[in-house]
Amino acid sequence: MATTTTKPKKLSDQEIQQNYVRMQNEMQALAGKIGELEQEADEHSLVLSTLNDVLAQEPDRKCFRLIGGVLVERTVKDVAPALQTNRDGIYKVIGNLTEQYKTKDQELDSFKRQYNIRPV
């Protein structure tokens, strides 16, 4: 039977460069997605702050919400909790992506140390 060793296989210079670029691209994609979701969460917060003011005064006031490309009419008391739930979900996803980013950053750092990579 073949035994597995913990010694990493020797990579060629081209493979090292490809892995390095791939890791950088993955981190860049994660950072872009995190930024996009943070912007969306900020938009949700802005709308929620406006709706909460209206909710205190006129909970049955009608408002419009875009769901799957369809504009639907609802009341403020129906929309505000759903929007709050969406924003909380976005924050959870941002947290998960941030953890993934940190992990990828650590992997990239260890890869750079392992192969003595110094960007020029």
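Asp60 counts as exposed, at 54% relative accessibility (exposed is over 50% relative accessible area, buried under 20%, partly exposed in between, with a 1.4 Å probe and protein chains only). This is a predicted model, where local features need pLDDT of at least 70, side-chain atom pairs count only at pLDDT 80 or more, and totals for chains, interfaces and linings use all residues. Residues are numbered from 1 along each chain as its sequence is written, and side-chain values use heavy atoms, leaving out hydrogens and water.

**Salt bridges**
- The structure holds seven salt bridges, meaning a side-chain nitrogen of Lys or Arg within 4 Å of a carboxyl oxygen of Asp or Glu.
- Asp60 pairs with Lys77 at 2.9 Å, N to O; Lys77 sits in helix H2 and Asp60 in the loop between H1 and strand S1 (62–67), so parts 17 residues apart in sequence get tied together.
- Helices here are DSSP runs of H or I with at least four residues, strands are E runs with at least two, and numbering starts at the N terminus.
- Glu73 and Lys62 form another salt bridge (4.0 Å, N to O), linking strand S2 (residues 70–75) to strand S1.
- Glu26 and Lys104 have their closest N and O atoms 2.9 Å apart, and this pair ties helix H1 to helix H2 (residues 76–114).

**A buried histidine**
- His44 is part of helix H1 (residues 13–57) and counts as buried at 14% relative accessibility.
- Leaving aside residues up to four places away in sequence, His44 touches Leu83, Asn86, Arg87 and Ile90, with contact meaning heavy atoms within 4.5 Å.
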